[in-house]
Amino acid sequence: MIELAAAFAVAGAASNAVGTAFQRKAASASSRSGVRLLAELVRRPLWVIGMCGVVGAALFQSLALVNGPLALVQPLFILELPFALLVAAPLMHRRLPHSGWWGVGGCVAGLAVLLIAAAPHGAADHAPLTRWIPALCLCVGGMAAAVLLSGRGRSPARRAALLAAASAAGNALTAALLKSASGTFADHGFTAFLRAWQTYGFALAGVAAVVLLENALQAGPLAAAQPALTIGDAVISLALGITLFEERIRTGWWLVPEVCGALLIVMGVVVLSRAVQHITVVPVAAEERHLAT
């Protein structure tokens, strides 16, 4: 079911990108932060559309995790970065420069090389509590540290990157807990799903990740937040898949193309981040300006 898992993961990345772009547009018009920001955004239609994208992404992610390893599914969410920029540009009435397309190509090609070479495998859905405790401590501790480091004295780009990194840790933890809870549902039914602590764990981690994401999108530019979010999510998820669920990737000489693929992804992200800083404004039609006023 690896192909099916990959297809669901790509659909989830696209859905999450749409959600992120609409949330960014809604959050950029607010000066609030924390829970007050979320309370204000729930009344905005654009944010509601964005949340529909996030919910759709969660459903696709669940289906992907049931059918494939975490080490495969979450790295595919790197595709959220080019998807998000391609959606956000027209939404914000901007045009992505030609260099941005090279960045998109680098991300896609690098991800393909990395996953083909690594060939993540192993489909265990459960892990003993002795593995969960250190994983939870490291993820929650890392999230708390990133939030503390993103104080008001930091630059907007650094605050956005740190808060997005905290959200990435929350997303990766949510995915790991979701994989375990989904496996319980598939194996033992809905009643066992409701009794599993992982069910309530992924709900709490997911809410924390959403709150952190909203603050990251409001704190600084998307070019700073999105790379930290997508790459951080992929790296942490890969680590959780290997340590929690005993998933494996190919080593030996396969490490050479894996490293090349990873470097190509990083280069693509850097190119995209620079391209975003040179996005040009698309003239808005007179009818649209009249409606906006």
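Trainee: Leaving aside neighbours within four places in sequence, which residues are in contact with Leu-240?

Mentor: This is a predicted model, in which local features need pLDDT of at least 70, side-chain atom pairs count only at pLDDT 80 or more, and totals for chains, interfaces and linings use all residues. Residues are numbered from 1 along each chain as its sequence is written, and side-chain values use heavy atoms, without hydrogens or water. With contact taken as heavy atoms within 4.5 Å, and sequence neighbours within four places set aside, the partners of Leu-240 are Leu-70, Ala-135, Cys-139, Ala-172, Leu-173, Ala-176 and Phe-245.

Trainee: Which members of the largest nonpolar core touch the most other members?

Mentor: A nonpolar core is a set of buried Ala, Val, Leu, Ile, Met, Phe, Trp, Tyr and Cys residues joined through side-chain atoms within 4.5 Å; buried means under 20% relative accessible area (1.4 Å probe, protein chains only). The largest such core has 35 residues. Those touching the most other members are Trp-132, Leu-240 and Leu-244.

Trainee: Which helix gives the most to this core?

Mentor: Helices here are DSSP runs (H or I, at least four residues) and strands are runs of E (at least two), numbered from the N terminus. Six residues of the core come from residues 156-188. That segment, the greatest contributor, is helix α8.

Trainee: How many residues are in the other core that lies apart from it?

Mentor: Among the members of this other core are Ala-166, Ala-216, Ala-219 and Ala-225. Its size is 16 residues.

Trainee: What share of the chain counts as buried?

Mentor: The chain comes to 13 helices and two strands. Of its contacts with a separation of 6 or more, 85% join residues 24 or more positions apart. Among its 293 residues, the buried share is 47%.

Trainee: Which element gives the most to the lining of the largest pocket?

Mentor: A pocket is an open set of points on a 1 Å grid where a 1.4 Å probe fits, with protein on both sides within 12 Å along at least five of seven lines, and its lining residues have an atom within 4 Å of a point. The largest has a volume of about 670 Å³, and of its 30 lining residues Val-54, Ala-58, Gln-61, Thr-174 and Gly-206 are the closest to its centre. Two or more lining residues come from each of α1 (2-27), α3 (45-67), α8, α10 (197-219) and α11 (222-245). With nine residues, the greatest contributor is α3.

Trainee: How many charged residues are in the lining of the second largest pocket?

Mentor: This pocket holds about 340 Å³ of space, and of the 18 residues that line it, Pro-75, Leu-114, Val-235, Leu-238 and Ala-262 lie nearest its centre. The largest share of the lining, six residues, comes from α12. By class, 17 of the lining residues are nonpolar and none is polar, and the number of charged residues is one.

Trainee: Why does Met-51 count as buried?

Mentor: Met-51 lies in helix α3. Its C-alpha atom is separated by 7.5 Å from that of Gln-23, 28 residues apart along the chain. Met-51 counts as buried because its relative accessibility is 19%.

Trainee: Leaving aside neighbours within four places in sequence, which residues are in contact with Thr-199?

Mentor: Thr-199 is found in helix α10. Its relative accessible area is 7%, so Thr-199 is buried. With those sequence neighbours set aside, the contacts of Thr-199 are Ala-181 and Phe-193.

Methods: Buried < 20%, exposed > 50% of the residue type's maximum accessible area, 1.4 Å probe, protein only. Points joined across faces, edges and corners; volume = space filled by probe spheres on them. Nonpolar A, V, L, I, M, F, W, Y, C, P; charged D, E, K, R; others polar.
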